[in-house]
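Please look over the structure below before reading on. The report that follows walks through some of its parts.

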Amino acid sequence: MKNALGSVDTVLLLGGRSEIGLAIVERLVRDGARKVVLASRDPGETPPVIGAAEVHLLEFDASAPETHGEVVEAAAKLVGDLDVIIPAFGVLGSQEAYDADPVAAARAVAVNYGGHVSMGLFAARRLREQGHGTLVVLSSVAGIRVRRANFVYGSAKAGLDGFAQGLGDAVHGSGARVMVVRPGFVVGRMTKGMSPAPLSSTPGQVADAVVAGLRSGAEVVWVPGALRAMFAVMRVLPRAVWRRMPR
Amino acid sequence: MTLLTGWGRTAPTVARVARPRSSEEVAELVRRASERGVVPRGLGRAYGDAAQNAGGLVLDCTGLTTWSLDESTGLVTAGAGISLHDLMTALVSKGWFVPVTPGTRHVTVGGAVAADVHGKNHHVDSSFGAHVRSLTLVTADGGSRTVTPADELFWATVGGMGLTGVIVEAVFQCVPIETSRVRVDVERTRDLDHTLETMTATDDRYRYTVAWIDLLASGARLGRSVLTRGDHASRAELPRGTEPLAFAPRTRLKAPPWAPNGLLNPLTVRAFNEAWYRKSRPATGLIQEIGPFFHPLDFVEGWNRVYGSNGFVQYQFVVPFGQEATLRRIVSRLSAEGVVSFLTVLKRFGPGTPGMLSFPMPGWTLALDIPAGRVGLARLLREFDEWVMEAGGRLYLAKDSRMSAQALATMYPRLDEWRKIRDEADQGGVFRSDLARRLAL
């Protein structure tokens, strides 16, 4: 159960190797979370979580939506009520590669969007039944206004962001909550070799913002916060200008 | 489906709420419980998540209001859902008073037993459970069982936070009173040591005592307090023409339905504390009504809303006599941190009851409320938990909304004993609450 000061007891991380995901889990454990379930494609490679009383590993394939429900139930069986569920799986991929291999693009979108839809719905079902708990959806500013430079990835995030908002409204009043997180460019393994965009952040900074959002019960978290104002402008830029955005 | 919180208005969860009107209806609802279980709820005055049950069933027991008084002995048989307020309204005019009342009259008899509540007379009369002669429970199988202080289940239920069965009726001993007034002495103390000395030396002269501490006073005035102590007044002490057993408490103010977060800040609370300290002029033999003396906060309806949407946490601990250093350490730290606590109350406890999860023990108890939005509060309170544990003390479950399961196990050494009895009484785990989940009870 989440306590009065926002500390939680149990966490399910899907995509057990995600830097952002693990950074969130680390902070939640530091704040008192005792039980962690890490679900990933290859549980053997999952890094240790320091300080948690219980860490459970599950096998999980983001690209197989028919298995997502079982993963959520298996996690609940291991640790009881799930206080926070964080689907943190996804692939970035370059636009050039997708242009060259449209099938790969479709597969990436199936994970980045479709995978989150099935996982999000299964997770929300569980949280509704419990009458409490938060689903953390890692969206991106890439989906707030999709850019030419990464429109395959951006369009999946746009879909995900819309899905998460709709889901949040759908579960309103059930005790379950959905928190949408919109980081900008995150410097980390996923973006290795790319030059950071303005207002970029680290996985640790994203995690700090997520934990603060969980405490305050925020519905949307921008990381850094300044991106919110920036994208209020970006969203209304004329198409002719937007098209010329370098990246 | 209803969103529920405790009095502190933190950590809301959703549950189905049913309002049974009889113990038969309670039994039927318990029998039909889903795997998310059932927990009884009274007037929602526990500060944390004790009367919440996310995804499950919450029994609003305020419909169980039958009661009777044996006027020759003062034994009251009361439905679990009747409030101490309603009981007082009926009993005081007949010359009887409840054995123990907490700082609010708006708690139910069931809640008073489940939390084993204490009042200003703890040093003399112990807690509510000490005055209960029998309890009737609806058990996990939907059956009915009456237990007395000779039964283990009785002492697992007193202080058991509603997790051993649904209390539907309690029989308890009331105390005779000549008047509905209290003869009160008010004293101001210079600092914490002076407060402790005065209470130690002279508390036993009074049936009811409490100290309000100005936490924002610092330096030499750290721990300065207003001691309010009194006894039921006799008829001879009342001014002529006073109706001796009149009891008509009024709520005079209503808190606004919303208040901004941060309305209670160091500035406003310091001003309030200063005013309170100055207003409390030393006096002896003041004649006060029951309401203002026992339940000053009931004067403002819905005062918990003043803390804004973030809500607040109550931190109440007890440390045994001899561990005054821990009390001092916590008070200095609170003062140094400038922690905003609207009403900080210090009380000297007498002997506890045999309730396995009952809070009071001989020692000092300090209760404070703090806005939940305060930065760094979680860490500060965890640190206090450690100090309280080292001192052999504990936190009060009816107030708690944030402690850890590990801390609970250290603070309540009889937890396993309680669990064993609970497990026997409730083999299927029917009785569950958010508090029970959070603390792995």
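## Two helices of chain B

In α9(B), residues B:T326, B:R329, B:I330 and B:E337 meet B:L380, B:F384, B:W387 and B:V388 of α10(B). Two residues are in contact if their C-beta atoms, placed from the backbone, lie within 7 Å. Helices (H or I, at least four residues) and strands (E, at least two) are DSSP runs, numbered from the N terminus.

This is a predicted model, in which local features need pLDDT of at least 70, side-chain atom pairs count only at pLDDT 80 or more, and totals for chains, interfaces and linings use all residues. Residues are numbered from 1 along each chain as its sequence is written, while chains are lettered from A and ligands numbered from 1 in the order in which they are written.

Helix α9 spans residues 324-337 of chain B, and helix α10 spans residues 377-390 of chain B. They pack at an angle of about 165°, with their axes 10 Å apart. Axes are lines fitted to C-alpha atoms, for helices over the stretch in contact, and angles run from 0 to 180 degrees between N-to-C directions. α9(B) and α10(B) are therefore roughly antiparallel, a label for angles over 145 degrees.

## A buried strand in chain B

Strand β13 of chain B covers residues 208-213. Six of its six residues are buried, so β13(B) is largely enclosed by the rest of the structure. A residue is buried if 20 or more other C-beta atoms lie within 10 Å of its own. In a regular strand the side chains alternate between the two faces of the sheet. Both faces of β13(B) are covered. B:Y208, B:V210 and B:W212 lie on one side, with B:T209, B:A211 and B:I213 on the other.

| Partner of β13(B) | Residues | Sense | Bridges |
|---|---|---|---|
| β14(B) | 225-232 | antiparallel | six bridges |
| β19(B) | 344-349 | antiparallel | three bridges |

B:I213 stands opposite B:S225 in β14(B). In β19(B), the bridge partner of B:I213 is B:T344.

## The sheet of chain A

Chain A holds an open sheet of seven strands with parallel pairing, in the order β3-β2-β1-β4-β5-β6-β7. β3 (54-59) and β7 (220-223) of chain A stand at the edges, each with a single partner strand, so one side of each is left without a neighbour in the sheet. From one strand to the next, the twist averages 15°. Strand β6 (residues 176-183) of chain A runs parallel to β7(A), joined by four bridges. There, A:V180 has A:V220 as its bridge partner.

α1(A) packs on the sheet, touching β1, β2, β4 and β5 of chain A. Its direction makes about 170° with that of β1(A).

Helix α1 of chain A covers residues 19-30. Nine of its 12 residues are buried, so α1(A) is largely enclosed by the rest of the structure. Among them are A:I20, A:L22 and A:V29. The buried residues of α1(A) also pack against α6 (203-216) of chain A. Just after α1(A), A:G32 takes a positive phi of about 120°.

A:G16 sits in the loop between β1 and α1 of chain A. Is A:G16 buried or exposed? A:G16 counts as buried, because it has 28 C-beta neighbours inside 10 Å. Leaving aside residues up to four places away in sequence, A:G16 touches A:L38, A:A39, A:S40, A:P43 and A:T46. A:G16 and A:P47 are 31 residues apart in sequence and 8.2 Å apart in space, C-alpha to C-alpha.

Key
Expected span 1.5 Å × (residues − 1). Pairing = 2+ DSSP bridges. Parallel < 35°, antiparallel > 145°, perpendicular 65-115°, else oblique.
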